[in-house]
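Welcome! Here is a short walk through one structure, taken a few residues at a time.

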Amino acid sequence: MSVTFSINGVKVEAATGDNVLDTARTNGFEIPSLCHHEAVSPYGACRLCLVEINKGGRKKITTSCNYEVLDGIDVKTDSPEIHKHRAMVLELILAEAPKSEQVQALAAQYGVKQSRFANAKNDEAQKDRDNCILCGLCTRVCSEIVEVNALTFNGRGDKRGVGSPYLEQPQTCIACGACAWVCPTDCIGFSEEDGVRKVHRWGRELPMAKDENGRPVAPVFQLHHFKKRVGLPDDFFKKAPGSR
Ligand code: SF4
Ligand code: SF4
Ligand code: FES
């Protein structure tokens with residue numbers, strides 16, 4: 001079933017169940033976001049995707065990533081009021097991720113050069129190395145796309161963070177790097193050196209299988225995981241010694 005509504009005065013169509021953010025982007029309207037990816041479920045954490053929605057004569061400012069499209073609504077993706085809200089949100093995010101280039105660039109776009117707020121993380125060392133904004137993209141990608149559930153949120157308040165459920169090296173992590181790739185503040189870190197794949201933030205280090213020329217292919221554990229997942233025979237990766 002399709003739904004018809006307007007964005008900035010332009011009539012658009014979407015499928016029932018779609019969200020306003022993805023529909024706006026598909027139709028060429030820009031809305032900033034830091035916790036959204038169209039491949040995973042919306043989470044509504046960063047509050048940057050605020051838009052104005054007029055429904056039956058009532059206006060409200062709300063997040064667009066988790067707002068389902070409805071027939072006849074009017075959406076405004078920008079206004080002085082929305083701009084003001086986003087600038088405030090960016091000031092708060094900048095306090096948590098002062099070294100993130102993406103956050104700095106977005107903040108500058110909204111006229112925010114520095115934050116008046118203190119970093120809420122409770123530990124001095126953590127403030128220096130940690131640009132995590134608790135957007136939850138890493139946890140959602142790991143559970144919904146990679147399907148290994150290696151990550152979760154831990155702790156509360158100023159001790160809240162992401163990592164393995166027991167704050168150790170996540171035992172189900174296959175070191176695929178998807179979480180590092182999707183992290184908006186680039187604070188996870190991923191590398192391959194001397195035949196070892198590392199996902200830095202989680203402390204995960206996995207030896208890699210090599211091809212017949214000695215070139216690293218993928219972590220042995222990752223190949224095992226894929227073999228099991230799609231039911232391949234044990235000797236499927238014959239050409240990658242060490243993968244069995
Ligand atoms: S690298 Fe590990 S934690 Fe990150 S998405 Fe892949 S399996 Fe999950
Ligand atoms: S580590 Fe990155 S992706 Fe994960 S919650 Fe923090 S900012 Fe988001
Ligand atoms: S993208 Fe909607 S709250 Fe983050």
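Let us begin with Cys138, which is buried because its relative accessible area is 7%; buried means under 20% relative accessible area, exposed over 50%, and partly exposed in between, using a 1.4 Å probe and protein chains only. Cys49 counts as buried too, at 2% relative accessibility.

A word on the background: this is a predicted model, in which local features need pLDDT of at least 70 and side-chain atom pairs count only at pLDDT 80 or more, while totals for chains, interfaces and linings use all residues. Residues are numbered from 1 along each chain as its sequence is written, chains are lettered from A and ligands numbered from 1 in the order in which they are written, and side-chain values use heavy atoms, leaving out hydrogens and water.

How many disulfides does the structure hold? It holds zero, where a disulfide is a pair of cysteine sulfur atoms within 2.5 Å. Cysteines do turn up around ligand 1, though: among the closest of its 13 surrounding residues are Cys142, Cys173, Cys176 and Cys179, along with Gly177. A residue counts as near when one of its heavy atoms lies within 4 Å. This shell divides into twelve nonpolar residues, one polar and no charged. Here Ala, Val, Leu, Ile, Met, Phe, Trp, Tyr, Cys and Pro count as nonpolar, Asp, Glu, Lys and Arg as charged, and the others, Gly among them, as polar.

Next comes Asp130, in the loop between helix H4 (124-129) and helix H5 (137-145). Helices (H or I, at least four residues) and strands (E, at least two) are DSSP runs numbered from the N terminus. Is Asp130 buried or exposed? Asp130 counts as buried because its relative accessibility is 4%. Leaving aside residues up to four places away in sequence, Asp130 touches Glu96, Lys121 and Arg201, with contact meaning heavy atoms within 4.5 Å. With the side chain of Arg201, the Asp130 side chain makes a polar contact at 2.9 Å. A polar atom of the Asp130 side chain also lies 3.0 Å from the backbone nitrogen of Cys132.A polar contact is a pair of N or O atoms within 3.5 Å; within protein, one must be able to donate a hydrogen and the other to accept it, and residues adjacent in sequence count only if both atoms are side-chain atoms.

Finally, look at the backbone. Most residues other than glycine have a negative phi.
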